[in-house]
Amino acid sequence: MAIPKGKQIKLSKSQQLTAEGLELMQLLQTITADGKFTPDEVVELVKWLRRNKTSDLPAIKFLTETVEAVIADGKVSREEQEALYKA
């Protein structure tokens with residue numbers, strides 16, 4: 001599975017104020033604070049995305065596709081880390 005490229009998904013102000021939007025923003029800020037993704041952080045993101053897969057936030061679908069592509073082979077390369085960070 002190819003990593004989605006060329007897409008930018010931003011949450012609108014109203015989406016940022018929803019419970020899911022606030023939670024996602026907080027999670028992503030925590031995960032990206034040190035500039036890299038650890039395996040545990042990827043697991044936390046995957047868990048959050050699975051718990052919220054029925055949400056109508058477009059960022060969830062995009063992040064889910066990106067994470068699935070990154071972890072498909074069971075390894076996360078430097079390039080994949082960077083793609084996930086940018087996503």
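At what angle do helix H3 and helix H4 pack, and how far apart are their axes? The angle is about 135 degrees and the axes are 10 Å apart, for H3 at residues 39-51 and H4 at residues 58-71. Helices here are DSSP runs of H or I with at least four residues, numbered from the N terminus. Axes are lines fitted to C-alpha atoms over the stretch in contact, and angles run from 0 to 180 degrees between N-to-C directions.

This is a predicted model, in which local features need pLDDT of at least 70, side-chain atom pairs count only at pLDDT 80 or more, and totals for chains, interfaces and linings use all residues. Residues are numbered from 1 along each chain as its sequence is written, and side-chain values use heavy atoms, with hydrogens and water left out.

**Helix packing**

Two packed helices are described by the angle between their axes and the distance between the axes.

| Pair | Angle | Axis distance |
|---|---|---|
| H3 and H4 | about 135 degrees | 10 Å |
| H2 and H3 | about 170 degrees | 11 Å |

H2 is therefore roughly antiparallel to H3, whereas H3 and H4 are oblique to each other. Angles under 35 degrees count as roughly parallel, over 145 as roughly antiparallel, 65 to 115 as roughly perpendicular, and the rest as oblique.

Contact means heavy atoms within 4.5 Å. Between H2 and H3, the contact involves Glu20, Glu23, Leu24, Leu27, Leu28, Thr30 and Ile31 of H2, together with Glu41, Glu44, Leu45, Trp48 and Arg51 of H3. By class, these are 6 nonpolar, 1 polar and 5 charged residues. Ala, Val, Leu, Ile, Met, Phe, Trp, Tyr, Cys and Pro count as nonpolar, Asp, Glu, Lys and Arg as charged, and the others, Gly among them, as polar.

**Phe37 and Tyr85**

Not counting residues up to four places away in sequence, Phe37 touches Ile31, Thr32, Val42, Leu45, Gln81, Leu84 and Tyr85.

Tyr85 lies in helix H5, residues 78-86. With the neighbours within four places in sequence left aside, Tyr85 is in contact with Thr32, Gly35 and Phe37. Tyr85 is partly exposed because its relative accessible area is 38%; buried means under 20%, exposed over 50%, and partly exposed in between, with a 1.4 Å probe and protein chains only. The C-alpha atoms of Tyr85 and Leu28 are separated by 9.2 Å, although these residues are 57 residues apart along the chain.

Conventions. Helix = DSSP H or I, 4+ residues; strand = E, 2+ residues; numbered from the N terminus.
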